[in-house]
Amino acid sequence: MNRVVGAVRTAWWWTGALMGDHDYSRYVEHLRRHHPDAEVPSEREYWKARYADADANPGARCC
């Protein structure tokens, strides 16, 4: 039973990582480690800036 629960948790974590669920926390960790004086944006501000940047610089997207 523990293996099944562990597999489900791993799959859930992997799916979240694939969808970008962990990006904000990694960004905050990066800011605190490499730019300790920088103001940390709220999660809402982070996603708003990220989507604005993706729209302004589409790169290699299909749409």
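Me: Why is R26 called exposed?
Reply: R26 has a relative accessible area of 52%, and exposed means over 50%, buried under 20% and partly exposed in between, with a 1.4 Å probe and protein chains only as cover, so R26 counts as exposed. This is a predicted model, in which local features need pLDDT of at least 70 and side-chain atom pairs count only at pLDDT 80 or more, while totals for chains, interfaces and linings use all residues. Residues are numbered from 1 along each chain as its sequence is written, and side-chain values use heavy atoms, with hydrogens and water left out.

Me: What makes D23 buried or exposed?
Reply: The relative accessible area of D23 is 10%, which falls under the 20% limit, and D23 is therefore buried. In the chain of 63 residues, buried residues make up 14%.

Me: How do you know that R26 and D23 form a salt bridge?
Reply: The term asks for a side-chain nitrogen of Lys or Arg within 4 Å of a carboxyl oxygen of Asp or Glu, and the closest N and O atoms of R26 and D23 are 2.8 Å apart, so the pair meets the rule. Both residues lie in helix α2, 3 residues apart, about one turn of the helix, where helices are DSSP runs (H or I, at least four residues; strands are E, at least two) numbered from the N terminus.

Me: What does the salt bridge between R50 and D23 tie together?
Reply: The side chains of R50 and D23 meet at 2.4 Å, N to O. R50 lies in helix α3 (residues 43-56) and D23 in helix α2, so the pair ties together parts that are 27 residues apart in sequence. R50 counts as partly exposed, because its relative accessibility is 35%. D23, R26 and R50 are linked in a network of salt bridges.

Me: Which residues are in contact with D23, leaving aside its neighbours within four places in sequence?
Reply: They are Y46, W47 and R50, where contact means heavy atoms within 4.5 Å. The C-alpha atoms of D23 and Y46, which are 23 residues apart along the chain, are separated by 9.5 Å.

Me: What makes R33 and E29 a salt bridge?
Reply: Their side chains meet at 2.6 Å, N to O, and this value lies within the 4 Å limit, so the name applies. R33 and E29 both lie in helix α2, 4 residues apart. R33 is exposed, because its relative accessible area is 58%, whereas E29, at 43%, counts as partly exposed. By the same rule the count comes to 3 salt bridges.
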